[in-house]
Amino acid sequence: MSVCVATLALAAAVAAAAPASSGVDPGSAQSPIDLRRSEVTFVKHLPTIRFAYPRKADVTLNNTGSPGEEATVRAEVPAGAASITLSGTTYALQQFHWHTLSEHEIDGRRSPMEMHLVHSASDGSLLVIGVLIEQGRANRVLARIFDALPETAGETRPVTGVRIDDLLPDDVSSYRYTGSLTTPPFTEGVRWIVLAHPITLSKHQIQAFRELFEDGNSREVQPLNGRKVFSDAGRRGHDD
Ligand SMILES: [Zn+2]
């Protein structure tokens, strides 16, 4: 009998320590999700996001472990350089990074890439702005970053004068829900704002990133489990 208890305890310990990729459910309010427009709650006005993004910032690119599926190239932003305010809370921009393919889907469709701008408030709460990336015109703001992507794990490179205020589409209507980080430790309680309108990168720029992450670096969509998604994008949203 005591052997059985010990075995069970060991099994539980192994399960608790196992990474999510082994099939252990890390939680019930995870990201990314498929944004199904027929199931989204459309509202005319969502709380306004006030952007305090600078015209120019010096960032440090950091390859966090290519070609790992949970790695990326991250642009680290100096403390205090950029922030947003939403419903009275200010969130400082910590870093932005990319995934290929996109992590969020709209009506079951993935975009070639997705950019995440990760912010945190003084109480440690997290807010991520997700921007879908379609293939199209070359992105001038990101050109210098995508020309300088650090190619090996752990490599860093400085890039000066990045126009963070030009990284977003003009129309910042969005889908909003509460989810999680999409990489370990998959922390929940993250406020997600996925913009309804994409930005574009050229085929060449997308290829430059894909070469570092040939097997992709995105997590599959997670079940909604009754969570509500709110949007001010209008029913046509992404296709406008
Ligand atoms: Zn991300």
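Residues 24 or more positions apart account for 71% of the contacts (heavy atoms within 4.5 Å) in the protein with a separation of 6 or more. The model is predicted, so local features need pLDDT of at least 70 and side-chain atom pairs count only at pLDDT 80 or more, while totals for chains, interfaces and linings use all residues. Residues are numbered from 1 along each chain as its sequence is written, and side-chain values use heavy atoms, with hydrogens and water left out.

**Whole chain.** Colour by secondary structure: the protein has three helices and 16 strands. These are DSSP runs numbered from the N terminus, with helices (H or I) of at least four residues and strands (E) of at least two. Next, show the surface. Its accessible area is about 12000 Å², and carbon and sulfur atoms hold 51% of that; the areas come from the Shrake-Rupley method with a 1.4 Å probe, and for residues only the protein chains shown count as cover. Of the 240 residues, 45% count as buried. Buried means under 20% relative accessible area and exposed over 50%, with partly exposed in between (1.4 Å probe, protein chains only).

**Zinc ion.** Select the zinc ion with H97, H99 and H116. The coordinating atoms are NE2 of H97, NE2 of H99 and ND1 of H116, at 2.0 to 2.1 Å. Donors are N, O and S atoms within 2.8 Å of the metal (3.2 Å for Na, K and Ca); water is not among the atoms, so sites may look incomplete. Along the chain, the donors have the spacing H-x1-H-x16-H. H97 sits in strand β7 (residues 89–99) and H116 in strand β10 (residues 113–121), 19 residues apart, and the pair links distant parts of the chain. Both H97 and H116 are buried.

**Aromatic pairs.** Display the rings of Phe, Tyr and Trp (for Trp, the six-membered ring), which pair if their centres lie within 6.5 Å; planes under 30 degrees apart count as stacked, over 60 as edge-to-face and the rest as tilted. The count comes to seven aromatic pairs. Select W98 and F146: this pair is edge-to-face, with 5.1 Å centre to centre and 80 degrees between the planes. W98 is in strand β7 and F146 in helix α2 (residues 140–146), 48 residues apart. W98 is buried, with a relative accessible area of 0%, and F146 is buried at 5%.

Move to Y177 and W192, a stacked pair with 6.4 Å centre to centre and 10 degrees between the planes. Y177 lies in strand β13 (residues 174–180) and W192 in strand β14 (residues 188–195), so the pair ties together parts 15 residues apart in sequence. Both Y177 and W192 are buried. Then select F96, W98, F146, F209 and F213, which form one aromatic cluster.

**A three-strand sheet.** Finish at the open sheet with the order β1-β8-β9 and mixed pairing. Two strands pair if DSSP finds at least two bridges between them. The edge strands, each pairing on one side only, are β1 (34–35) and β9 (109–110). Strand β8 (residues 105–106) pairs with β9 in the antiparallel sense over two bridges. Select I106 to find R109 of β9 opposite.
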